[in-house]
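Have a look at the model first, then read on.

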Amino acid sequence: MHYFDYAATTPLHPEAAHVYGKLAQACYGNTSSLHEVGTEAQNMLAFCREELAAMLGVPAAGLYFTGGGTESNLLSIISLAKANRHKGKHIVTTVGEHPSIDSALAYLQEEGFTITTIPFTEEGFVDLHLFEKALTSETILVSIQHINPEIGTIQPLEKIAAIVKERSILLHSDCVQSFGKIDVKPIARIVDSLTISSHKVYGPKGVGVAYIHPRHRLVPVFPGLVHESGFRGGTVNVPGIAAFITAASHVNNYEHDYQTFRQAFLDKVMTYPELFTIYQTSNRAQQLPQIIGLSVKNVEGQLIMLELNRLGFAISTGSACQVGQQHASKAMMALQIDEQHAKEFIRISFGASTTMANVQALADKLIQIALKVKSPIVVN
């Protein structure tokens with residue numbers, strides 16, 4: 001199987017697997033235990049926190065290890081909102097956010113907060129004009145995803161940060177798709193909180209990170225918990241965290257010329273512009289090359305995905321967190337694509353095992369499938 005779904009998840013790096021297995025046996029203590037075995041685990045956890053702090057360029061005191069990107073988003077947003085509810089109860093976000101953001105905001109809405117969602121421009125960016133108009137004296141928090149996981153557009157967080165800073169509004173960013181793919185240090189310096197996930201960078205599943213700048217008061221979502229400074233409960237997964245740090249430290253070993261792969265793929269499929277729609281920005285600097293969002297015109301994406309799977313190519317129809325759900329992809333909703341055309345959406349994403357030969361083969365098979373819809377060509 002040729003894997004083209006790296007935006008959904010990645011295979012575990014061999015060294016990360018080795019570290020996990022070794023520490024699961026040798027460093028198994030509870031970090032809250034006061035005996036020597038617990039102290040060893042706590043020391044390993046502190047080391048990992050410092051290592052990640054250096055990668056992000058942030059103070060280690062603001063880093064909290066969690067069970068994944070979803071938990072990190074939930075706890076960060078709810079904590080920040082509750083800590084600042086005395087200043088206002090209005091939050092602004094985009095239509096294209098990860099479902100975990102939607103979940104956190106739906107919970108806060110039940111708690112009396114009001115939520116405003118902003119659509120994308122036709123090139124996949126938050127509409128800054130509508131964004132500024134949405135801000136009020138009651139706005140306390142903005143949540144904007146750094147890189148969209150379905151079409152790969154990189155949001156102008158520097159501009160957004162400048163807008164909210166002068167109004168003393170907090171900025172949260174879901175950086176799950178950007179960490180390990182581009183340098184997030186510049187983003188870490190300008191946001192109040194961000195989140196990342198281990199399994200997107202060849203680490204184990206079940207490990208995530210929330211960064212909340214230490215200048216902010218931490219209000220635990222659930223009172224009385226003791227782990228991670230009260231940020232969350234549950235015994236800390238030290239072997240998983242160490243494996244994540246190991247994988248993250250090797251992420252540069254996966255450097256490919258993804259822009260070349262992208263261009264080769266697009267050059268092939270766009271020889272048939274009547275068959276395909278590509279969702280991307282014309283600004284190459286604001287487009288992550290590893291993610292290609294597209295559709296085969298008048299063909300549901302699920303059919304394309306299944307046909308490619310039959311031929312040995314793994315792609316997706318959008319965010320893996322929404323498989324089996326009936327509504328359209330979040331990116332298509334944010335782009336205000338009508339429901340019928342939104343169902344045509346598919347996503348291709350490159351990673352460590354991607355080769356030019358596989359990219360070319362994928363493009364060829366996709367073209368064959370698209371042509372088959374128009375005429376009785378048999379796909380071998």
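In this predicted model, strands β5 and β6 (residues 170-174) run parallel and are joined by three bridges. Helices (H or I, at least four residues) and strands (E, at least two) are DSSP runs numbered from the N terminus, and two strands pair if DSSP finds at least two bridges between them.

**Around β5**
- Leu141 sits opposite Leu170 in β6.
- Together, β5, helix α6 (residues 157-165) and β6 form a right-handed β-α-β unit (with the strands pointing away from the viewer, the path from the first strand over the helix to the second runs clockwise).
- β5 also has strand β3 (residues 90-94) running parallel to it, joined by four bridges, with Thr93 opposite Ser143.

**The β9-β10-β12 sheet**
- Three strands in the order β9-β10-β12 make an open sheet with antiparallel pairing.
- Its edges are β9 (276-279) and β12 (345-349), each pairing on one side only.
- β9 and β10 (residues 291-296) are linked by four bridges, and Ile278 stands opposite Leu294.

- Residues are numbered from 1 along each chain as its sequence is written, and side-chain values use heavy atoms, leaving out hydrogens and water.
- Local features need pLDDT of at least 70 and side-chain atom pairs count only at pLDDT 80 or more, while totals for chains, interfaces and linings use all residues.
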